Amino acid sequence: MSTVGTASRFTWALGLMPLTPDHRVLEVGCGHGLALGLVAARLGAGWVLGIDRSAKMMAQAARRNADAVRAGHVLLRTGTLASVDLGPEPFDLAFAINVSLFAGDAHVELTRLRERLRAGASLFLFHEAPVAGHAERFGSAAARNLEAHGFKVRRLKGSPLRAAVVGTVP
């Protein structure tokens, strides 16, 4: 998969995640699947499951990552985090890029993630905002939400337009 023209937010986010070749990864809100392909390229025996509520986006993700889907390195499911079948395996890492849900009322979703991440696994939440200050507000709200759901939280260095919050399962 070519990464020519990859939006810098994807490069930034993937550079912060400690992926290993055998990881089982979940992307929440995978959209057109660009990050899925970037993650899959770093995996060996592992795989990444992408979920999105838009069937149109999932069709684009399937086309973009057709080879990785055929090889079993990219799995796709249409639905919301609250209701989609996440399969039986616990995840080693989960992430979301520009999914505003995590800065709002995400009780059901964060409870589900907390249960589906193995002990020591992390949820990475990335946000790139068009206006300075919005990223900081997202980061603060997401950190509060993660803490309220039992995650150990740390914030990674961003910029005025970018926030990165990591919640780790104790």
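This briefing walks through selected side chains, a helix, aromatic pairs and salt bridges. The model is predicted. A search of the whole structure finds seven salt bridges. There are also three aromatic pairs.

**Aromatic pairs**

- A pair of aromatic rings is described by two things: the distance of the centres and the angle of the planes.
- The structure holds three aromatic pairs.
- One of them joins Trp12 and Phe126 edge-to-face, with 5.3 Å centre to centre and 70 degrees between the planes.
- Trp12 belongs to helix 1 and Phe126 to strand 5, so this pair ties together parts that are 114 residues apart in sequence.
- Trp12 and Phe126 are both buried.
- Trp47 and Phe91 also pair edge-to-face, at 5.9 Å centre to centre and 80 degrees between the planes.
- Trp47 sits in strand 2 (residues 47-52) and Phe91 in strand 4 (residues 91-97), so the pair links parts 44 residues apart in sequence.
- Trp47 has a relative accessible area of 17%, so it is buried.
- Phe91 is at 0% relative accessibility, so it counts as buried too.
- Trp12, Phe124 and Phe126 are linked into a cluster by ring pairs.

**Salt bridges**

- Asp67 and Arg70 form a salt bridge, and their closest N and O atoms are 2.3 Å apart.
- These two residues are three apart in helix 4, so about one helical turn separates Asp67 from Arg70.
- An α-helix has 3.6 residues a turn, so residues three or four places apart point the same way.
- Asp67 and Arg70 are both exposed.
- Arg118 forms a salt bridge with Asp92, with 2.7 Å between the closest N and O atoms.
- Arg118 lies in strand 5 and Asp92 in strand 4, so the bridge ties together parts that are 26 residues apart in sequence.
- Arg118 is partly exposed at 32% relative accessible area, whereas Asp92 is buried at 9%.
- Another salt bridge brings together the side chains of Arg162 and Glu128, at 3.0 Å from N to O.
- Arg162 is in strand 7 and Glu128 in strand 5, so this pair connects parts 34 residues apart in sequence.
- Arg162 is buried, with a relative accessible area of 19%, while Glu128 is partly exposed at 24% relative accessibility.

**A buried arginine**

- Arg116 is in helix 5 (residues 107-116).
- A salt bridge needs the atoms within 4 Å.
- The side chain of Arg116 does reach the backbone oxygen of Gly87, at 2.7 Å.
- Beyond its neighbours within four places in sequence, Arg116 is in contact with Leu86, Gly87, Pro88, Glu89, Pro90 and Phe91.

**Two histidines in loops**

- His23 is in the loop between helix 1 (8-16) and strand 1 (24-28).
- His23 counts as buried because its relative accessibility is 9%.
- The His23 side chain reaches the backbone nitrogen of Thr20 at 3.0 Å.
- Not counting residues up to four places away in sequence, His23 touches Pro18, Leu43, Gly46, Trp47 and Asp92.
- His73 is in the loop between helix 4 (66-70) and strand 3 (74-78).
- His73 counts as partly exposed, at 22% relative accessibility.
- Leaving aside neighbours within four places in sequence, the contacts of His73 include Ala40, Gly44, Trp47 and Val48.
- The C-alpha atoms of His73 and Gly37 are separated by 9.0 Å, and these residues are 36 apart along the chain.

**Helix 6**

- Helix 6 covers residues 134-148, which is 15 residues.
- At 1.5 Å a residue it should span 21 Å, and its end C-alpha atoms are 21 Å apart, so the two values agree.
- Buried residues of helix 6 include Ala135, Phe138, Ala142 and Leu146.
- Among the elements covering these buried residues are helix 5, strand 5 (117-128), strand 6 (152-159) and strand 7 (162-168).
- Gly150 follows helix 6, and its phi is positive, near 85 degrees.

Definitions and conventions
Residues are numbered from 1 along each chain as its sequence is written. Side-chain values use heavy atoms; hydrogens and water are left out. Helices (H or I, at least four residues) and strands (E, at least two) are DSSP runs, numbered from the N terminus. A polar contact is a pair of N or O atoms within 3.5 Å; within protein, one must be able to donate a hydrogen and the other to accept it, and residues adjacent in sequence count only if both atoms are side-chain atoms. Contact means heavy atoms within 4.5 Å. Buried means under 20% relative accessible area, exposed over 50%, partly exposed in between (1.4 Å probe, protein chains only). The expected span of a helix is 1.5 Å times one less than its number of residues. Rings of Phe, Tyr and Trp (its six-membered ring) pair if their centres lie within 6.5 Å; planes under 30 degrees apart count as stacked, over 60 as edge-to-face and the rest as tilted.
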